[in-house]
Amino acid sequence: MSVLHRCFSLLRRYGPATRVVVTNVLNVLAPGSARLIDLVGGVIEAAGECAEEISHEQWERDIAAKLGQTHSDVEQIGELLKCFEGPLTRVCDQVAAHADQIDRLPAIVAQVIAADPSLSQVVHRVNDIKEAINTFKSDIARLAEGQDEARAVFVRMHRVADYFDELWHLGIKPAEFARLLAERAEVTKCVERGNFVHVDDRIRAIHERVPNSASTAMLEAAAGFRRRDYAQVGRALTLASRLTPGDQELRSLSLRVTKRLSQHTPPSSNVGPQTARADALLQPGDTLDGWHLEICVGYGGWGQVFRARRAGEVRALKVMHPELAKQRDFVQRFKKEIFALQRLPRHPNLVRIDDFGYCDEKKLWYLAMEYLDGPTLESFLAAKGPLTETQVWKVFPPVLEGLAKAHALGIVHRDIKPGNMIFRRSDQCLVLADFGLAVDQLEIGHTRIGGLTTLFAATEQLYGEAG
């Protein structure tokens with residue numbers, strides 16, 4: 001069926017209200033896509049002004065030229081309108097019945113959708129079509145401003161279908177469903193416009209109301225890209241990856257940004273004094289509980305890692321991200337984990353956990369552990385290639401012995417990978433590090449303090465099962 005046929009079908013059903021009906025539904029399903037929504041409205045309006053006997057092929061060519069679009073884009077709009085003829089009919093009927101109450105329409109649309117999780121497929125279909133239209137692609141390119149990794153993040157920021165699924169999964173009531181959609185749409189607009197006043201607080205509030213929301217983490221990553229705060233981007237992408245372990249595209253993006261962070265000191269925000277963040281990340285040169293932070297050596301899902309010095313002693317300090325330090329449940333899980341980790345046996349192939357504490361001045365929790373000054377196994381293999389059989393038998397048995405001792409105490413690492421194994425220069429031992437994901441075995445399947453690394457995770461972890 002041609003684009004014009006679909007327009008005529010909708011016009012016969014909703015008459016003069018057709019443009020209002022379609023654009024108001026799209027405003028909820030594709031927020032932040034104003035140019036695209038105007039384009040769809042223009043196609044409907046043009047169809048309403050022409051005779052039904054006109055050549056449909058010629059009309060599509062003419063409308064594409066009139067609106068400055070490709071013929072392919074007009075065909076995609078036809079696919080978009082197809083969604084309104086079938087699965088979205090009930091939503092459209094409700095909008096048409098209240099077409100004179102413009103201010104209420106977004107809430108009406110959201111509440112009707114909230115009551116019907118079976119609409120997930122069509123909501124995702126609308127998002128997929130939107131992403132294929134050049135008008136949307138050019139808007140994303142403008143937002144990214146030459147930041148290659150940012151494009152994928154901005155696309156996902158606009159992928160509200162993922163957020164719908166999260167709300168449906170939580171069983172959010174229709175009225176609250178509508179409020180949450182409206183709040184997210186407003187924050188999205190602020191990010192697009194570069195208006196960051198209170199944006200971090202609003203994103204944090206959404207996280208609290210919609211826990212474990214990967215799409216909200218993507219919104220936070222988009223905000224970081226807009227103000228070129230790559231530390232925030234890395235933190236948000238790590239969280240999103242942890243919440244969607246099967247998403248290979250997202251994992252690849254997160255790794256690229258994390259690599260950039262590992263090569264450069266996490267920059268402070270570029271925003272001006274009126275929009276500066278109260279929870280700014282620590283920087284080399286800062287002091288934390290008497291520890292002088294010398295260099296940032298790592299960045300992960302729940303904290304930054306610094307080489308730190310105090311009274312002549314050198315340690316690795318893992319410092320919890322500021323916004324996580326404000327979450328009571330997260331801090332309680334953190335302390336419970338650290339108490340478990342302090343039971344780790346003293347073993348040359350297990351990182352030594354010295355202490356943990358809270359800096360009242362900066363309102364931050366931190367973990368002090370042995371500072372390992374050699375390369376990770378990952379970087380060693382990248383530089384020198386695979387280990388020989390002799391090297392394997394020399395390096396790994398002591399690591400397995402240490403791991404067995406940890407297991408005997410009920411402590412499970414959960415993220416064993418080359419990047420978490422570091423050589424100690426003084427004795428060339430390979431040390432299993434970053435027990436920041438470990439938990440007592442009784443807690444497996446219940447704690448979310450850490451995450452997992454997809455390529456090295458056990459199958460049951462990927463499916464959310466105990467293991």
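Modeller: The largest nonpolar core has 95 residues. A nonpolar core is a set of buried Ala, Val, Leu, Ile, Met, Phe, Trp, Tyr and Cys residues joined through side-chain atoms within 4.5 Å; buried means under 20% relative accessible area, exposed over 50%, and partly exposed in between, with a 1.4 Å probe and protein chains only. This is a predicted model, in which local features need pLDDT of at least 70 and side-chain atom pairs count only at pLDDT 80 or more, while totals for chains, interfaces and linings use all residues. Side-chain values use heavy atoms, with hydrogens and water left out, and residues are numbered from 1 along each chain as its sequence is written.

Colleague: Which residues have the most contacts inside the largest nonpolar core?

Modeller: In soluble globular proteins, nonpolar side chains tend to be buried together. Contact here means heavy atoms within 4.5 Å. Inside the core of 95 residues, those with the most contacts are Val-25, Trp-59, Leu-88, Phe-154, Phe-164, Leu-181 and Leu-237.

Colleague: With which residues is Val-25 in contact, leaving aside its neighbours within four places in sequence?

Modeller: Val-25 belongs to the group with the most contacts inside the largest core. Once neighbours within four places in sequence are set aside, its partners are Phe-84, Leu-88, Val-91, Cys-92, Val-95 and Val-109.

Colleague: How many residues are in the other core?

Modeller: This core lies apart from the largest one, and its members include Cys-296, Leu-364, Ile-411 and Met-421. Its residue count is 48.

Colleague: Are α4 and α5 roughly parallel or roughly perpendicular to each other?

Modeller: Helices are DSSP runs of H or I with at least four residues, strands are runs of E with at least two, and both are numbered from the N terminus. Axes are lines fitted to C-alpha atoms, for helices over the stretch in contact, and angles run from 0 to 180 degrees between N-to-C directions. Helix α4 (residues 56-67) packs against helix α5 (residues 71-85) at an angle of about 110°, with the axes 9 Å apart. Angles under 35 degrees count as roughly parallel, over 145 as roughly antiparallel, 65 to 115 as roughly perpendicular and the rest as oblique, so α4 and α5 are roughly perpendicular.

Colleague: At roughly what angle do α9 and α10 cross?

Modeller: Two packed helices are described by the angle between their axes and the distance between the axes. The axes of α9 (residues 134-144) and α10 (residues 148-157) come within 9 Å, and the crossing angle is roughly 125°. That makes the arrangement of α9 to α10 oblique.

Colleague: Which residues of α10 are buried?

Modeller: Seven of the ten residues of α10 are buried, so this helix is largely enclosed by the rest of the structure. They are Glu-149, Ala-150, Val-153, Phe-154, Val-155, Arg-156 and Met-157.

Colleague: What is the relative accessible area of Tyr-358?

Modeller: Tyr-358 lies in strand β5 (residues 353-359). Beyond its neighbours within four places in sequence, Tyr-358 is in contact with Asp-289, Lys-363, Leu-364, Trp-365 and Tyr-366. Tyr-358 is partly exposed, and its relative accessible area is 34%.
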